[in-house]
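Subject: Structure handover

Hi,

Here is the structure I promised. My notes on the pocket and the aromatic pairs follow below it.

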Amino acid sequence: MYHFYSNKRVGVFFDDIPHVGIRYYIPSMTKDEKKSVEKYPFICKKELKVQLLDYKKNKKYDFTIPKGYCYDGASIPRLFWRVIGSNTDNRFLIPALIHDVLCENHSYIDNDRVFSSEVFNALLEANGINSFKRFCMKSSVGIFQAMFCAWET
C-alpha cells in the first residue's frame with residue numbers, strides 16, 4: 001500500500017495514487033446524463049483500494065472505491081469561496097472523494113462519524129490546507145453529518 005498521509009490519529013493508505021477526473025457535457029448525452037454530470041462533476045478514474053488506520057482505537061478499515069465512482073467534490077457554498085476556496089480546488093478533490101464514499105458507506109468504518117471527519121481533516125492537512133480552513137471545513141462537515149446523514153454514532 002502507498003502511504004499517503006499519517007498523523008497521531010489517522011493513517012491513510014492507497015494501493016496507488018488516486019486519479020480524479022472531471023466529467024464534461026457531451027452533445028449526445030441524455031437530459032438525465034447531463035443532470036448527473038451537473039450534480040456529480042468528478043469521477044474516480046480507476047479502482048482505488050483504501051486502507052484507513054484509526055490509531056486511537058487501534059482499528060484498520062479496508063475498502064475499495066470502484067472505477068467510475070462519481071461525486072460532487074467539496075460541498076462549499078459559494079458564499080464561503082473567498083474564505084475557504086471553491087469546491088473545485090484540486091486540493092479538496094481527494095479528501096472529498098474519500099469523505100463522500102464514507103458518507104455513503106458508513107459501515108466501511110463501523111459507523112464512526114467522528115473518525116470520518118478525522119480522515120477528512122487528515123487528507124486536507126496532507127494537501128496543505130491551513131488549520132483555519134480545515135477547522136471550518138471539518139466543523140461544517142461534522143455538523144451536517146450529525147444533522148442529516150443518519151450516522152449511528
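H4 (131–148) gives the largest share of the lining of the largest pocket, seven residues. Helices (H or I, at least four residues) and strands (E, at least two) are DSSP runs, numbered from the N terminus.

This is a predicted model: local features need pLDDT of at least 70, side-chain atom pairs need 80 or more, and totals for chains, interfaces and linings use all residues. Residues are numbered from 1 along each chain as its sequence is written, and side-chain values use heavy atoms, without hydrogens or water.

The largest pocket has a volume of about 690 Å³. A pocket here is an open set of points on a 1 Å grid over the protein atoms alone, where a 1.4 Å probe fits, with protein on both sides within 12 Å along at least five of seven lines; lining residues have an atom within 4 Å of a point. The volume is the space filled by probe spheres set on the points, which are joined across faces, edges and corners. Of the 27 lining residues, Ala74, Ser75, Ile76, Val141 and Phe144 are the closest to its centre.

Now the aromatics. There are six aromatic pairs (ring centres within 6.5 Å; planes under 30 degrees apart are stacked, over 60 edge-to-face, the rest tilted). Phe42 and Tyr71 have ring centres 5.8 Å apart and planes at 40°, so the pair is tilted. Both are buried (under 20% relative accessible area, 1.4 Å probe, protein chains only). Tyr69 and Tyr71 have centres 6.1 Å apart and planes at 15°, so that pair is stacked. Ring pairs also link Tyr2, Phe4 and Phe14 into a cluster.

Best wishes

Key: Buried < 20%, exposed > 50% of the residue type's maximum accessible area, 1.4 Å probe, protein only.
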